[in-house]
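Thanks for coming. I will go through one structure today, starting with a helix, then the strands, then the packing.

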Amino acid sequence: MTQHNFLEGIKHKSTKLHNSESVQINILLEDVCLPAVVVKQRELENNIAWMQYYANAVNVSLSPHGKTTMTPAIFKRQIAQGAWGLSVGTAYQAKVAIESGIKNIIIANQVVGKTNIRLLAELVKLNQANLYCCVDSIQNAKQLAEVFSYENQTLNILIELGISGGRCGCRTEDEALLLAEELKLLPSLVVSGIEFYEGVIHSDNAEKDINEVQRFLQRVLTTSQKLDSLGMFDKHHGEILLTGAGSVWYDLVSQKMTTFRFSKPFRFVIRPGCYITHDHGIYDEAQQALKARDNVACQLDGDLMPAMEIVALIQSLPEKGRAIVNFGKRDVAFDSGLPQPLMLYREGQQVAFQKGAAKTVGLMDQHAILSFDESCDFQVGDILIFGTSHPCITFDKWKVIYLIDDAYNVLEDMPTYF
């Protein structure tokens with residue numbers, strides 16, 4: 001490759017050395033600029049299949065939260081394995097989902113602001129997907145209705161139920177009933193179901209959290225059934241949606257959903273997102289806790305597996321027991337635990353490394369600071385592979401994620417659209 005062509009090919013920070021499809025790219029041979037984030041194919045496919053098996057086993061539909069990855073290559077794999085649809089957080093994310101060919105899209109959020117609502121109306125006008133949008137206030141409902149009435153369109157609305165001290169959503173049954181009555185007066189908005197999110201419930205007391213989740217789910221149940229009995233869903237002629245669940249309490253939500261009884265056909269939809277790559281931190285802990293309390297998850301073959309890694313270089317060994325690695329807050333999640341080293345490579349070959357012998361103790365914009373003991377044979381230029389926690393915050397820092405096989409050969413470039 002000429003110098004000119006190489007420079008022309010640099011479009012993102014983990015760019016390839018070669019762009020020819022005939023050249024095998026290997027991460028460990030530094031055929032890409034490091035650091036780079038990779039997703040392992042075998043683990044990715046395992047996770048997609050495992051969560052779909054779980055949803056099927058408990059008789060709910062799966063609409064993974066696409067904001068985790070914003071990676072169409074992953075969206076398409078989830079749908080191909082049986083996901084009913086995709087969940088997103090904004091009108092822009094819905095646009096990416098539609099352009100990826102997704103047919104059922106839940107915007108698990110309120111859409112506010114003139115331009116955002118106009119974008120939403122344009123997406124509905126395309127008529128390429130069933131779009132659902134959350135509402136928790138009369139003001140927002142009227143803002144949406146004004147645009148959709150002007151465009152002579154209708155929008156599927158999900159009334160959001162929320163938790164005191166949490167995020168969005170009606171806090172009481174009376175608020176939800178009042179909102180539903182107002183929505184009936186707005187012909188461009190069709191009440192099509194109920195949305196909620198229990199994931200804001202978390203503390204250091206698991207038993208307390210479980211009890212709080214169960215109380216909230218019971219309120220969702222009674223409010224939904226009250227709305228149904230009052231005919232609030234009568235304008236919608238298809239299935240009514242009841243949708244909730246993140247990546248921590250999806251078992252409790254699924255169990256409760258299947259006890260609901262309604263007068264109209266309902267579809268129960270869960271929306272976990274971070275299962276897609278799982279992690280080495282908070283979601284691994286949450287999954288092990290879930291399996292300890294849920295027989296269905298235990299009976300399924302296998303389990304979720306960490307699929308995402310960051311591959312980086314030791315750039316300095318400035319003093320005994322201290323290493324500086326060439327990635328930082330601009331590259332990886334750090335809100336729920338720092339990324340920790342898993343494996344060591346030199347010139348493409350694995351070097352003996354005892355997990356726990358080195359530890360990430362600090363993260364700056366472009367530098368990771370490691371402490372390590374005498375058993376570590378580190379050299380400047382060595383490759384360290386790190387496991388991460390909370391994949392959402394890592395995905396959105398990269399324009400391209402590399403899908404790799406077990407030998408770290410690049411199988412596919414997966415662009416992200418944040």
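The expected span of a helix is 1.5 Å times one less than its number of residues. Keep that in mind for helix 2. This is a predicted model.

Helix 2 covers residues 41–57, which is 17 residues. From its first C-alpha to its last it reaches 24 Å, close to the 24 Å expected. After the helix comes N59, with a positive phi near 65 degrees.

Now the strands, and I will begin with strand 10, residues 308–319. Strand 10 pairs with strand 1 in the antiparallel sense, over four bridges. Within that pairing, V37 stands opposite I310. Strand 10 also pairs with strand 16, again antiparallel, over five bridges. There the bridge partner of I310 is F386. So much for I310. Strand 10 has three bridges to strand 11, residues 322–325, and these two run antiparallel as well. I314 stands opposite V325 in strand 11. The two strands form a hairpin with two residues between them, and G321 takes a positive phi near 75 degrees.

Next is strand 12, residues 340–346, where six of the seven residues are buried. Five bridges join strand 12 to strand 16, residues 383–387, and the two run antiparallel. M343 has I385 as its bridge partner in strand 16. Strand 12 is also joined to strand 13, residues 349–351, by three bridges, antiparallel. R346 stands opposite Q349 there. Strand 12 and strand 13 make a hairpin with two residues between them, and E347 in the turn has a positive phi of about 55 degrees.

On to packing. Which residues have the most contacts inside the largest nonpolar core? They are L120, I159, L242 and F378, in a core of 110 residues. Leaving out residues up to four places away in sequence, F378 touches I314, L317, A323, L344, R346, F353, A358, F372 and L384. Apart from that core lies another, of 19 residues, among them I27, Y345, I383 and Y408.

Last, a residue in a loop. H12 sits between helix 1 and strand 1. Is H12 buried or exposed? The cut-off for buried is under 20% relative accessible area. H12 has 17% relative accessibility, so H12 counts as buried. Not counting residues up to four places away in sequence, H12 touches K399, V400 and Y402.

Technical notes:
Residues are numbered from 1 along each chain as its sequence is written. This is a predicted model: local features need pLDDT of at least 70, side-chain atom pairs count only at pLDDT 80 or more; totals for chains, interfaces and linings use all residues. Side-chain values use heavy atoms; hydrogens and water are left out. A nonpolar core is a set of buried Ala, Val, Leu, Ile, Met, Phe, Trp, Tyr and Cys residues joined through side-chain atoms within 4.5 Å. Buried means under 20% relative accessible area, exposed over 50%, partly exposed in between (1.4 Å probe, protein chains only). Contact means heavy atoms within 4.5 Å. Two strands pair if DSSP finds at least two bridges between them.
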